[in-house]
Amino acid sequence: MRLHSLSAEGAEFDLEHLGFDDCEHGLLAVARYFFLARSSPQKQSWQVAFSVSAERWGPDIGLPIAFAMSKLVRSVSDVRTDFVSRDPFDDDARRRASFDEAVMMRMLHHMRRDQTADARDAVEVLTRGLMDPLVIRAGLAVAARFGCCAPMRRRPELRVVS
């Protein structure tokens, strides 16, 4: 799905139609807990973000992913105080994405694939033309560390038991 087709601000989209890979679905899930932590600090959902990420990818990969996503969420939230994120505890949210979430994930999708022009377009929409360097830097940090070719699956821990 092209970015220009994500023009309905305030709309929601089926995640399965946005063309994100499994890793990006996981990144979105982690980001939602951080957005919730910013809007409702008493819920301390940042702890859940780290737990979910570590469970999904193992601690060696998952904890750095959660940390990198926390930096992206912070930079996006600083630029866009009106960012709309779905409640990660809502079952329907696992299938849907807000317009803002779709654009942020589209930015990461293109950054992870080194598609500069499309990533730039997504940053412009996400930041409403501000092209904030902290958002760009945080997104590129996620993309560089967790690009499409990076191993994202944790290895099963097998032990010989006698």
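Q: Which residues does Gly-19 touch, not counting residues up to four places away in sequence?

A: Contact means heavy atoms within 4.5 Å. Gly-19 touches Glu-24, Arg-106 and His-109. Gly-19 and Arg-106 are 87 residues apart in sequence, yet 9.0 Å apart in space, C-alpha to C-alpha. This is a predicted model: local features need pLDDT of at least 70, side-chain atom pairs count only at pLDDT 80 or more, and totals for chains, interfaces and linings use all residues. Residues are numbered from 1 along each chain as its sequence is written, and side-chain values use heavy atoms, leaving out hydrogens and water.

Q: Is Gly-19 buried, exposed or partly exposed?

A: Buried means under 20% relative accessible area, exposed over 50%, partly exposed in between (1.4 Å probe, protein chains only). Gly-19 has 47% relative accessibility, so it counts as partly exposed.

Q: What span should helix α4 have?

A: The expected span of a helix is 1.5 Å times one less than its number of residues. Helices are DSSP runs (H or I, at least four residues), numbered from the N terminus. Helix α4 (residues 99–112) has 14 residues and should span 20 Å; its end C-alpha atoms are 20 Å apart, which agrees. 14 of the 14 residues of α4 are buried, so α4 is largely enclosed by the rest of the structure.

Q: What follows α4?

A: Asp-114 follows α4, with a positive phi near 60°.

How values were computed:
Helices (H or I, at least four residues) and strands (E, at least two) are DSSP runs, numbered from the N terminus.
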